Amino acid sequence: MFGPFKGTLPTLGGLLWKRSWRMSKDQKFRLRKRMQLVDRNIEVLYQSLKPAGEGQVSTGHPKIDHLKFVFPKENEMKPVDKYTTFNKNAKNYRKAVHHVPKWTKLSFRENPKYF
Amino acid sequence: MSSAAAKQMYYKILQKRSVIGMPPTVRRNIEILGLKKRFDISYQKVSPSTAHRLAKVKELVEIELVDEPKTKEQLKEERRPNPGFVLVKANPNTQ
């Protein structure tokens with residue numbers, strides 16, 4: 001079983017799940033780092049449009065305010081929300097985020113209402 | 001009134017992720033922000049329209065608030081590696 005006839009999972013069995021059903025701890029670590037970057041970016045956007053006064057005040061731009069005050073932050077989220085997301089076809093309506101196409105370039109933080 | 005009214009601030013935008021595989025709206029926003037590929041840096045004036053553009057691409061870029069934009073030459077100078085020596089006295093014949 002060497003060279004071209006080497007036994008690999010696809011040649012031996014045929015069925016191979018290339019994405020494990022759960023994320024590794026390193027995938028989770030990198031996901032948290034990316035989420036923290038998004039949090040920092042949102043903070044910069046908020047600070048740039050914030051009025052000169054003190055305190056947590058509205059910028060007058062609903063979308064930026066939503067990101068700052070409603071969009072969940074990485075350190076406020078439960079692990080189940082960080083690593084899984086809503087999916088209407090999945091069992092129990094939850095799906096691991098690493099099964100979503102382009103998952104490293106998207107945010108999955110807000111769940112549907114009543115979920 | 002925004003804090004930017006007192007002094008014009010700039011966004012320093014560093015593209016950290018490629019736009020490969022992203023939808024046309026995201027690609028277009030990245031292009032308009034002056035970014036072409038990963039690790040490009042672009043400076044844009046702080047404004048609500050730019051902020052909303054950045055909100056669209058917040059997963060792909062790293063944003064900082066700075067007072068002054070830097071020129072391409074300044075950015076290149078910052079990347080120049082340490083030559084490993086200090087020029088004490090220049091040779092007059094070569095000047």
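Guide: First, terms: on a 1 Å grid over the protein atoms alone, a pocket is an open set of points where a 1.4 Å probe fits, with protein on both sides within 12 Å along at least five of seven lines; lining residues have an atom within 4 Å of a point. The model is predicted, so local features need pLDDT of at least 70 and side-chain atom pairs 80 or more, while linings use all residues. Residues count from 1 along each chain, and chains are lettered from A as written.

Visitor: What lines the largest pocket?
Guide: The lining has 20 residues. L67(A), A55(B), K56(B), V57(B) and K58(B) lie nearest the centre.

Visitor: Which element gives the largest share of that lining?
Guide: α2(B), with four residues. Helices here are DSSP runs of H or I, at least four residues, and strands are E runs of at least two, numbered from the N terminus.

Visitor: And the volume of the second largest pocket?
Guide: About 310 Å³, counted as the space filled by probe spheres set on grid points joined across faces, edges and corners. β2 (41–45) and α3 (72–79) of chain B each give two or more residues to its lining.

Visitor: Switching to α1(B). Which residues are buried?
Guide: V26(B), N29(B) and I30(B). Buried is under 20% relative accessible area, exposed over 50% (1.4 Å probe, protein chains only).

Note on methods:
Side-chain values use heavy atoms; hydrogens and water are left out.
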